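Please examine the sequence and the three-dimensional structure shown here before reading on.

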Amino acid sequence: MDKTLTSFIATLRNADVRISPAETLDALNAVELTGYRDREFLKNTLALVLPKTADEKDTYDTTFEQFFRFAEVSGESSTTLAADGEEGEGEGDGERQGQGDGQGGSAGQTKPTNSKRKARPRFSAVGEEDKEEEEDLGSGEISNPVSALGKLLMQDSRVELSVQMADAAKEVNLDEIQVFTQKGLYTRRIMDQMGLPDLLKEVSALKQSFNLPDRRLAQELKKRQEWLREQVRDYVERQFLLHADATGMRLREELLRKIKLSNVEHRNFRLIQEIVYRMAKRLVTMHSQRKKVFKRGTLNVPRTLRRNMSYDGHIFDLQWKSVKVDRPKVFAICDVSGSVANYARFMLMFLYALEEVMPKVRSFAFSSDLAEVTELFERNKIEDAISKTLRDFGGGSTDYGQALVDFKKKCLDDVDNRTTIIILGDARNNYGDCKQDILQEIYQRSKRVIWLNPEPRNTWNTGDAEMRKYTPYVHQAEECNSLIHLERTVGNLLKTVQ
């Protein structure tokens, strides 16, 4: 399989472009026809196979340009080397060995008066301490390098260095970098793969030599080594942005999905909101159509016999049992007192992001007195509606008994055997009358009552918590204090047979 293409597809997936195995095979077949010679032709061909939506096409274009960009090593070295030839020093520069091929020159091939002074700014990445410790050896003949990396550095071939760097990056799996703090680690690995250990040994040996050309070579190799390190670090940074940016974001999002919503800092609210919308969109895709789910293998015998009566008893048209999945009718009752306000915020956000598949959501908020906030969400943006709900109804002392009394007065008659009631709260009633008889009445009239408690189960019956009194009158009581809990609960709700 084409490793370059599969790496590119992995990068696209990392950037949230959905690519199936079948589309991967289509891309491989396309590349077999086009090859990699014509870059624009390759880009346009793969664009027909891989991205599907407008957003994915934009991401594809950006990723393709970054992935298939062949960037030669740059920096002060490259500019100065190019300028040397224009200044007339190219053929006689002792540091470039006269021919630019890494071979040693003779004393007659150098320009002893200027070459040393002009070579110094080329590789300025060396530290101040190294400069102070350097012995002034003057200019003159330089020995030939022995190590592979030393020869490559003395050749001044930017293209060859770029190729070697890219090959080394593949060997050390640079595309697996995930966090920016790994930059130094991968820089060292790439340098080692390119031959840094042998180069260091050579430099150390040359420094101990009594031969002046050897010591000059040691100084030059040291400077070029430091310059190469900067080039590799830049390369690693670019690859990090290409391969790890989306991965790092997904790691952060995965963490935010799992942590308690009460621990989410305000600066992360926007990211949490984006996660909520994506989760809701995924559920919308799964459940946006009213549909019949056919259970293949469960035969509906009466219907089959009726449909085949015209065939003189011969069975031609099999009829299978089916289950009709309808859109749920949901009442959401949210405790918005200070202790659980963040949970209510994201639950309301999640429910209203699902309005395409749950258009019958009615929302109620309370801390003591209960009020319906459905119209508030219909008239305002969801962020504004949530803020107003928390501000207007979140200041009182929590009273679940009074909230149930208010709910009975306002809309108990609207509850029927197609209604799902979702209650979000910690059931801490400040030692007041919890009115569990009203919840029992709701339980008997509705299809299902779900209680989502953000506290751990082992605290449900401690202090002023009344879960032990409410639990007998709910169909399902779940610990729900993270987005992943909320997604699971609402997902199961949408799968419920209506």
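The protein has an average pLDDT of 75, and 74% of the residues reach a score of at least 70. Among its elements, helix α20 (residues 436-445) has the highest mean pLDDT, 94, whereas helix α6 (residues 115-119) has the lowest, 37. Residues 75-132 have a pLDDT below 50, although this stretch has 96 contacts in the model beyond near neighbours in sequence. Where pLDDT is low, the predicted coordinates should not be read in detail.

The largest nonpolar core comprises 39 residues, of which M347, F377, L452 and L483 touch the most other members. Helices and strands both supply it: the elements that give two or more residues include α14 (269-287), β3 (329-335), α17 (374-379), β7 (448-453) and α22 (483-495). Helix α16 makes the greatest contribution, with ten residues. Setting aside neighbours within four places in sequence, L483 is in contact with L256, R257, L261, I272, I275, V276, M279 and F346. Another core, of 29 residues, lies apart from the largest one; A168, L199, V232 and F240 are among its members.

Attention now turns to a loop. V474 is located between α21 (467-470) and β8 (476-479). Is this residue V474 buried or exposed? Its relative accessible area is 9%, under the 20% limit, and V474 is therefore classed as buried. Neighbours within four places in sequence aside, V474 is in contact with L439, Y443, V449 and W451. In the case of W451, a separation of 23 residues in sequence corresponds to a C-alpha to C-alpha distance of 6.8 Å in space.

The last element to consider is helix α4, with 14 residues (54-67). Which residues of α4 are buried? They are E56, Y60, T63, F64 and F67. Because these residues cover an arc of only 105° around the axis, they lie on the same side of α4. On the other side of α4, A54 and D55 are exposed. At the start of this helix, a side-chain oxygen of T53 comes to within 3.2 Å of the backbone nitrogen of E56.

Terms used:
Residues are numbered from 1 along each chain as its sequence is written. This is a predicted model: local features need pLDDT of at least 70, side-chain atom pairs count only at pLDDT 80 or more; totals for chains, interfaces and linings use all residues. Side-chain values use heavy atoms; hydrogens and water are left out. Helices (H or I, at least four residues) and strands (E, at least two) are DSSP runs, numbered from the N terminus. The expected span of a helix is 1.5 Å times one less than its number of residues. Buried means under 20% relative accessible area, exposed over 50%, partly exposed in between (1.4 Å probe, protein chains only). The arc is that of the directions from the helix axis to the C-beta atoms. A polar contact is a pair of N or O atoms within 3.5 Å; within protein, one must be able to donate a hydrogen and the other to accept it, and residues adjacent in sequence count only if both atoms are side-chain atoms. Contact means heavy atoms within 4.5 Å. A nonpolar core is a set of buried Ala, Val, Leu, Ile, Met, Phe, Trp, Tyr and Cys residues joined through side-chain atoms within 4.5 Å. pLDDT is the predictor's confidence in each residue, from 0 to 100.
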